[in-house]
Amino acid sequence: MKSKKFSRREFIKTAGLAAPVFGLINQSGIAQEPGQRPGRAPAVKVINPQNRVPVSLIIDDSTCLVNMAHFGIPQFAEIFPDRYKQNWKALPREIPDTFVRKFGEWCHEQGVKGKYSIVPYPACVGWLDRVLPGWSKKELEDSLELVRTLILPNWDIHPEMISHTRIIDTKTGRPFAAANEYFMENWRWTDGKSVDELADYMRYALQILKNVGLPCEGITTPGGFGNRVLPELAQATLQSCRDVFGAEIPHYFRHLFTDETSVAPRVEYASGLDSTDPRCVVSIIGCTGDWFGGWDGLEKGSVDKLITADGQGGHLPEIIHRGEPAIMVCHWPGIYFNGDEVGFNIFKEAVKRLHAHYHNLIWMKLSEISRYWAAKELTQITIQQDKIRLNAPFAAPRFTIEMSQKNVKKISFIQKSTAKPLVRVENPQDLNADHWILQKDRLQICFNLPKGASELKLLPEILK
Ligand SMILES: [Zn+2]
């Protein structure tokens, strides 16, 4: 849920001014430490998985049953009466599970993957691990079961903090008495908070989802949460997702850019790469605004803004041509659009156009993208005579490298002295794990990268 004045984009612009000046600062004002980076033979380039472009859909403000717009708007209006004039009483209080099923099944058929928020104490209406006043115990249980069985396989589940509205006192579980922007998750509460304070808050949110059997490897920031404490936000995500779920590669969604700024994921706070306990956190970056149905389910978007009917215009083709992950961003109330499904219809048409015009796409969950980028950035790669040696702190399926070579005849993958020959393919469409392709002098090799040491042996010897 994003207020008009404080869009994610604007937060990012202003965040740079307030952020402590250290680490990686680019023109976008993102000030997180990249951390450690390994040595890398310049001749070897890690490219996208299977040399395809990742696509994904981020869904914010979803939860079980509760329409976050209906229940959230009056709480936002209490803080900023001028900004929230929507007739919230006219909005349905529920986004029904029949719609979750319809949406989830359609996405499943299309192979769509992404992130689906589950706000654990949605707008302070009730606790997903206890009781949701306004719905029966069975309705809540059925709703959670639907998320576990239909959504979880292809979507990362994130808490969008605890309530997405009021700040909760994690010692008592009650909202603080003060109702102002310093006690709302969307706005200023995080100002000046330490890593430990933020991690405590995140753990509380994550634990509720753990209680209802929904594993998480990442978090989504509600509105402006963490906006002025970006380094602390990244580190608190790393800490809390590890603490509660033992997540190997925690990730978070805080930023989106719709201009020329890179939307490639950022691998941050990498450490211990040579140890048995490597660590990092990945910042996943969206490439669209909510061009579907708005956070309140009242703003009709436009499919042409995403991708035009001829597949050439719109923002997604630009990102796809750049080769960066095309991660769309929407809000659940806008997908449902109070029963009119405006956002859903826009998404369906966008997917249809994407699939009609691009055959080099790969739908991925945010955790899959995070894992790939962590391996891409943090795997040590060296060349020794006829071998490419890899030392990976994190495993990654369909890891794909590219180098300039002319006369390769055979490639084997070697791990723990067991060699496996890889299969040569001629058609780029067939490049998958355990395959390689040589087009002119461009050699691409795709394999499941294991954690630890492994090697690729090329015959004849690698041309340096
Ligand atoms: Zn939100």
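**Paired strands, a helix and a buried isoleucine**

Strands count as paired if DSSP finds at least two bridges between them. Within this pairing, Lys115 has Asp156 of S6 as its bridge partner. From S5 the chain passes through helix H4 (residues 137-151) to S6 in a right-handed β-α-β crossover; right-handed means that, with the strands pointing away from the viewer, the path from the first strand over the helix to the second runs clockwise.

The model is predicted, so local features need pLDDT of at least 70 and side-chain atom pairs count only at pLDDT 80 or more, while totals for chains, interfaces and linings use all residues. Residues are numbered from 1 along each chain as its sequence is written.

S5 (residues 114-117) also runs parallel to strand S4 (residues 53-60), with three bridges between them. Here Ile59 stands opposite Tyr116.

Helix H2 (residues 68-79) includes buried residues, among them Phe71 and Phe76. Buried means 20 or more other C-beta atoms within 10 Å of the residue's own, with C-beta atoms placed from the backbone. Helix H9 (332-336) is included in what covers the buried residues of H2.

Ile381 lies in strand S13 (residues 380-384). Ile381 counts as buried because it has 21 C-beta neighbours inside 10 Å. Leaving out residues up to four places away in sequence, Ile381 touches Arg40, Ala41, Val44, Ile388 and Leu390, contact meaning C-beta atoms, placed from the backbone, within 7 Å.

Definitions and conventions
Helix = DSSP H or I, 4+ residues; strand = E, 2+ residues; numbered from the N terminus. Buried ≥ 20, exposed ≤ 12 C-beta atoms within 10 Å, placed from the backbone. Contact = placed C-beta atoms within 7 Å.
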